[in-house]
Each structure stands twice: as structure tokens, then as C-alpha cells.
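Here is a short briefing on one protein model. Look at the structure first, then work through the points by topic.

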Amino acid sequence: MNAFADFFHHLDWEGLLWLLTQAAAVLLCLTVHETCHGLAAYALGDPTAKRMHRLSLNPLRHIDPFGALMMLIAGFGWAKPVPVDMRYFRHPKSGMAITALAGPASNFVLAYAALLVYHVLLPLAYRSDSGPLYWWMNFLVLTALLSIGLGVFNLIPIPPLDGSKILEGILPDRVYYTILRYERYGMLLLMVLLWSGVFDGPLSAVRGWVFEGLYRLSGLPFDLAAGLLGL
């Protein structure tokens, strides 16, 4: 019993809480991303994701363990792709592009919403030293950062990332079908680039720019309200 008590006494509870906070933010970002892919496809006439129960906010239906681990380590990653059958779309190329765009777009919307709530809580933080309040504020900022990272990363135009589907949707058919022939090599190229660290600097920079822009945009309504009220 003494050894058991000693283990818990020396356990880094603060570090464990931060790890759980990161994991919760990752699950939220990935789940929203993939669910919105499925919802976009369903709205365009493809019931595949619905039939396979991927129109769900249950993160276990969407998580790719390695992609989630990359988000924890590097701040960007991926989830298990939502199945899409483009034959259901009236316009297959543009339908795939819209479906692909829905994922990153949802991440930027989620980040904005998280920062909006952060600004709501900010005045309370000035008047309180509540632990749970600061946890929520940290969670919101972390969610915004990870969500932006996920959105930016998936806009890279390399298969199987969403950016490649968006790009293919606006390319001429001849170029589109040429790219499709080599799409299976995209994942290998992506892995090589990830492990080489080529993306680290540019992705971090873009994530920082987008975060700064969304932070200012989310704070604008509160700044305007304060100005009108003379606060």
C-alpha cells in the first residue's frame, strides 16, 4: 500500500491533465472535420457515409491512431477518411471538391467559435482565479490552434489530403485523370515530406498567421461593444 501511495504522490498530475486536455482537443477537431466531410457528401446526394455511420460525433468512428498522434506531437495530422462515392454527385469533380473543402472549412469555423467563447470568458478571468475557468480557456485556445493546424495541413495539395481533391476539382479533365493515375503514390510522398521536416516551418507559420487573424476577428464584436458602451 505504501508503494501504491508513493506512486500517486509522485505522479505528475498537472502533466497528465495537460495530456488529457490535448487528447480531448484532438478528438474534437478530428471528429468535426470528418463529420463535416460526411455531411457535405450527404447534402450532395451521397448516402455512403450515413450508411457506414460516419455522420456521427463519436470520435471512435473517425480516429486514425497515427494521424491523432501526429496532431499531439506536431500540431497537425489526419483522421480516418470518410467514404465518399462520387457517382452519387450530379457533378462528380465539383462534388468531390466541395466535400473535401468542408473538412478544413469546418476546422476554421471551429477555431473561430472556440476563440469567440474564449473572449466571452476573458472578462471573468480578470475577476477570478478559478482553476476550472482557466482549464476551459486553455482548452479553447488549444482547440483553436489544433483545429487551424488540421485545416491548414489538409489544404496541402498532395493525395490523400483534402487539398488535392479541391485542386483536382478545378483542373481540366485531362490533367485531372493524369493525376488520378499517380494518386496512390501521394501517401508515400507525404510521409517522406513529413519525416524530413519540410512542412514544419511553413505550417507553423501559416497556423500562427491564421490564429492571429481569427483571434482578432473573434475579439472584434467585444471591442465594438466596449467602444459603444464606453468601457
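The largest nonpolar core has 28 residues, of which Met137, Phe153, Ile156, Leu190, Leu194, Phe199 and Leu203 touch the most other members. A nonpolar core is a set of buried Ala, Val, Leu, Ile, Met, Phe, Trp, Tyr and Cys residues joined through side-chain atoms within 4.5 Å. Buried means under 20% relative accessible area, exposed means over 50%, and partly exposed lies in between (1.4 Å probe, protein chains only). The model is predicted: local features need pLDDT of at least 70, side-chain atom pairs count only at pLDDT 80 or more, and totals for chains, interfaces and linings use all residues. Residues are numbered from 1 along each chain as its sequence is written, and side-chain values use heavy atoms, leaving out hydrogens and water.

**Cores**

- Two or more residues of the largest nonpolar core come from each of α5 (92-126), α6 (131-154), α9 (186-196) and α10 (200-229). Helices here are DSSP runs (H or I, at least four residues), numbered from the N terminus.
- Another core, of 14 residues, lies apart from the largest one. Val32, Leu110, Phe139 and Leu142 are among its members.
- Which residues does Met137 contact, leaving aside its neighbours within four places in sequence? They are Tyr118, Leu121, Leu122 and Ala125. Contact means heavy atoms within 4.5 Å.

**Helix α9**

- Gly186, Leu190, Met191, Leu193 and Leu194 are buried in α9. These residues are on the same side of α9 because they cover an arc of only 165 degrees around the axis. The arc is that of the directions from the helix axis to the C-beta atoms.
- The buried residues of α9 pack against α4 (65-74) and α6.
- Leu188 and Trp195 are exposed, on the face of α9 turned away from its buried side.

**Salt bridges**

- How many salt bridges does the rule give? The count comes to two. The rule asks for a side-chain nitrogen of Lys or Arg within 4 Å of a carboxyl oxygen of Asp or Glu.
- Arg87 pairs with Asp85, and their closest N and O atoms are 2.8 Å apart. Arg87 counts as exposed, at 73% relative accessibility. Asp85 counts as buried, at 18%.
- Glu212 pairs with Arg216, with the closest N and O atoms 2.9 Å apart. Both residues lie in helix α10, four residues apart, or about one turn of the helix.
- Glu212 is partly exposed, with a relative accessible area of 37%. Arg216 counts as exposed, at 59% relative accessibility.

**Around Ala49**

- Ala49 is found in helix α3 (residues 48-51). Is Ala49 buried or exposed? Ala49 counts as buried because its relative accessibility is 1%.
- Ala49 touches Gly38, Arg54, Leu55, Val82 and Pro83, not counting residues up to four places away in sequence.
- Ala49 and Val82 are 33 residues apart in sequence, and their C-alpha atoms are 6.3 Å apart in space.

**Surface patch**

- Trp13, Leu16, Leu19 and Leu20 make a nonpolar surface patch of about 400 Å². Patch residues have over 30% relative accessible area and no salt bridge; like charges are joined within 9 Å, and nonpolar side chains (Val, Leu, Ile, Met, Phe, Trp, Tyr) within 5 Å. Accessible areas come from the Shrake-Rupley method with a 1.4 Å probe, and for residues only the protein chains shown count as cover.
- Trp13 sits in helix α2 (residues 13-43). Trp13 is partly exposed, with a relative accessible area of 48%.
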